[in-house]
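Here's a quick briefing to read alongside the 3D view. Open the structure, keep the sequence handy, and follow along topic by topic.

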Amino acid sequence: MTIRVYNTMTRQKEEFVPVNNNKVGIYVCGPTVYDYFHIGNARIFIVFDVIRRYLEWRGYDVTYVQNFTDIDDKMIKRAQELGITVPELAERFIEAYREDAGALGVKKADVHPRATQHIEEIIQLIETLMEKKMAYNVDGNVYFDTQAYAQYGRLSKQPLEELEAGARVEVDEQKKHPLDFALWKKQKPGEPAWESPWGLGRPGWHIECSAMSMKYLGDTIDIHAGGPDLVFPHHENEKAQSEAATGKPFAKYWLHAGYLNINKQKMSKSLGNFLTVRELGKEIDPLVIRFFMLSAHYRNPINYSPELLQQAQSGLERLNNVVYNLRHLLTTLPAGEEETSDTEEKLQALQAYRERFIVAMDDDFNTADALAVLFDLARETNTYLKKKEISRTVVAQTLQFFEEVGSILGFFTEKEDSELDERINAMIAERQEARARKDWATADAIRDELVAMGIILEDTPQGVRWRRK
RNA sequence: GGCGACAUAGCCAAGUGGUAAGGCAGAGGACUGCAAAUCCUUUAUUCCCCGGUUCAAAUCCGGGUGUCGCCUCCA
């Protein structure tokens, strides 16, 4: 079986074949660290985190790079507003990124390069472009010459004439062509700047990704990913400058997720209609946000509303419950019941679920379909757990499967907090005694007390089970 | 003006030629001391509309309508 991915470049699904055998290089355009990121940004981090984990699970040796843009106009402006330096600003929000992304279950990238730590590489790349006459310097500002690169516009499928006609960009008299973009920006008074062959200045936005991508992943990477609004001009420009410099394809597959909308409008900083993970995470388990994102295909637009998040929470709880139940049963099921008459049949059924999961994910990472497979298995498992004879082997392997796919999707990790367990168990024992003598009032009082502590009790044929929240 | 995406039940959502997955919510039932969790039943003769191709279309083609996005910093 092979994985198929939708490539923005060709506008169709293609068979996924890495450039170098088993090695896969992925570069995802990361955040500009001038503020907390919002749930629209979060979608990108989550979606490509899952794609990364899935490729790893499928046996690829993945190197995952996600940058931090720590110098640009917005950084400078925000630092001034807050009365701190640009590096201080960057530090603050990189730390915030780590916390928020971590809460969402997003793994750290193998490398999180920062633009300001790669000025040398950026300058070298610009020099290469100057030597090749693909860039020109006007009084300390260096621009990429889009007219010198024949393929410009191919990624975004934008005819050059139309881009020009529709351009509402303010005319920069220095540029030879309106579409030309800055590789190096001359320092303005009070701005951070670095030495360069063209004088003091700072890198343009697009060039940092090219330079860092090449440094960590080579001239041609397998997957270059980002938000849909990066297709043009950011990725188009990255592609142009990179390929102009190396003469090689920059990325084999271009992946772009869909928007996260709110009230049917794109959520964005500039529209001011955004909701940060930091804020929302106070009201709801951030993993619910993650589940919500994965409940639709990553390329489709999804609309945010509190009601939909509520739906997602219910759905995730259903899956969490079956995993809780399996874990609980594994601790209470007596030894010596490894197999029952239908063990073989159940294990085969489990194998079929595994295959369905793979088919779904192989098809352009269809997490919505993959979750449906888990819901089907959840129903079958719940039914099985009501039976008189339960095979320990089936329980263990079903749990193992849930935990395995959980490690791809980012769910079902066991939370440990043993310090409370003892007290909870004592209260449960006390309640059981009350129940034994049919003292329902005491039993219910203890249960209410536990609920107040965030513990939910369930009386099951296999004993009392408790879980958090 | 150019380019593009999307339109499936009350809500969310998969499905790209073979006769509508899954989740949430609702209703009824089972289980339970009561709950919780769970299970069963139930909710689209139909996939925005109109044509066409085909034995067969939600799926392909043409036209239309609607919503959104990109073309400017944005994930």
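Leaving aside its neighbours within four places in sequence, which residues is Val 47 in contact with? The answer is Ala 257, Met 293 and Tyr 298, where "in contact" says that two C-beta atoms, placed from the backbone, lie within 7 Å.

A word on ground rules: this is a predicted model, so local features need pLDDT of at least 70 and side-chain atom pairs count only at pLDDT 80 or more, while totals for chains, interfaces and linings use all residues. Residues are numbered from 1 along each chain as its sequence is written, and chains are lettered from A and ligands numbered from 1 in the order in which they are written.

**The big picture**

- Chain A contains 15 helices and 15 strands; these are DSSP runs numbered from the N terminus, with helices (H or I) having at least four residues and strands (E) at least two.
- Taken along the principal axes, the C-alpha atoms of chain A fill a box of roughly 90 × 50 × 35 Å.
- Chain A splits into domain 1 (20-117 + 258-304), domain 2 (312-409) and domain 3 (418-468), with bounds that come from an automatic or database domain assignment.
- Between the C-alpha centres of domain 1 and domain 3 there are 41 Å.
- Of the 469 residues in chain A, 38% are buried. Buried here is a head count: 20 or more other C-beta atoms within 10 Å of a residue's own, with 12 or fewer making it exposed, anything in between partly exposed, and C-beta atoms placed from the backbone.
- Take the contacts in chain A between residues at least 6 apart in sequence: 74% of them join residues at least 24 apart.

**Helix H4**

- How far should the 13 residues of helix H4 (residues 119-131) span at 1.5 Å a residue? The expected span, 1.5 Å times one less than the number of residues, comes to 18 Å, and the end C-alpha atoms of H4 agree, being 18 Å apart.
- Ile 122, Ile 123, Leu 125, Ile 126 and Leu 129 are the buried residues to look for in H4. They cover an arc of only 160 degrees around the axis, so they sit on the same side of H4; the arc is that of the directions from the helix axis to the C-beta atoms.
- There's a handy rule behind this: an α-helix has 3.6 residues a turn, so residues three or four places apart point the same way.
- Exposed Glu 120 and Glu 131 are carried on the face of H4 turned away from its buried side.
- The buried residues of H4 pack against several elements, including strand E5 (135-138), strand E7 (181-186) and helix H7 (231-246).
- Lys 133 follows H4 and has a positive phi, near 60 degrees.

- E5 and E6 run antiparallel and are joined by 4 bridges; strands count as paired if DSSP finds at least two bridges between them.
- The hairpin of E5 and E6 has 2 residues between the strands, and Asp 139 in this hairpin takes a positive phi near 55 degrees.
- Tyr 143 in E6 is the bridge partner of Tyr 136, and Tyr 143 also stands opposite Ala 182 in E7.
- E6 and E7 pair in the antiparallel sense too, over 3 bridges.
- Is E7 mostly covered or mostly exposed? Mostly covered: 6 of its 6 residues are buried.
- E7 and E8 run antiparallel, joined by 3 bridges, and Trp 184 stands opposite Pro 203 in E8.

**Helix H11**

- Lys 346, Phe 357 and Met 361 are buried in H11. Their arc of only 60 degrees around the axis puts them on the same side of H11.
- H1, helix H12 (367-384) and helix H13 (392-409) are included in what covers these buried residues of H11.
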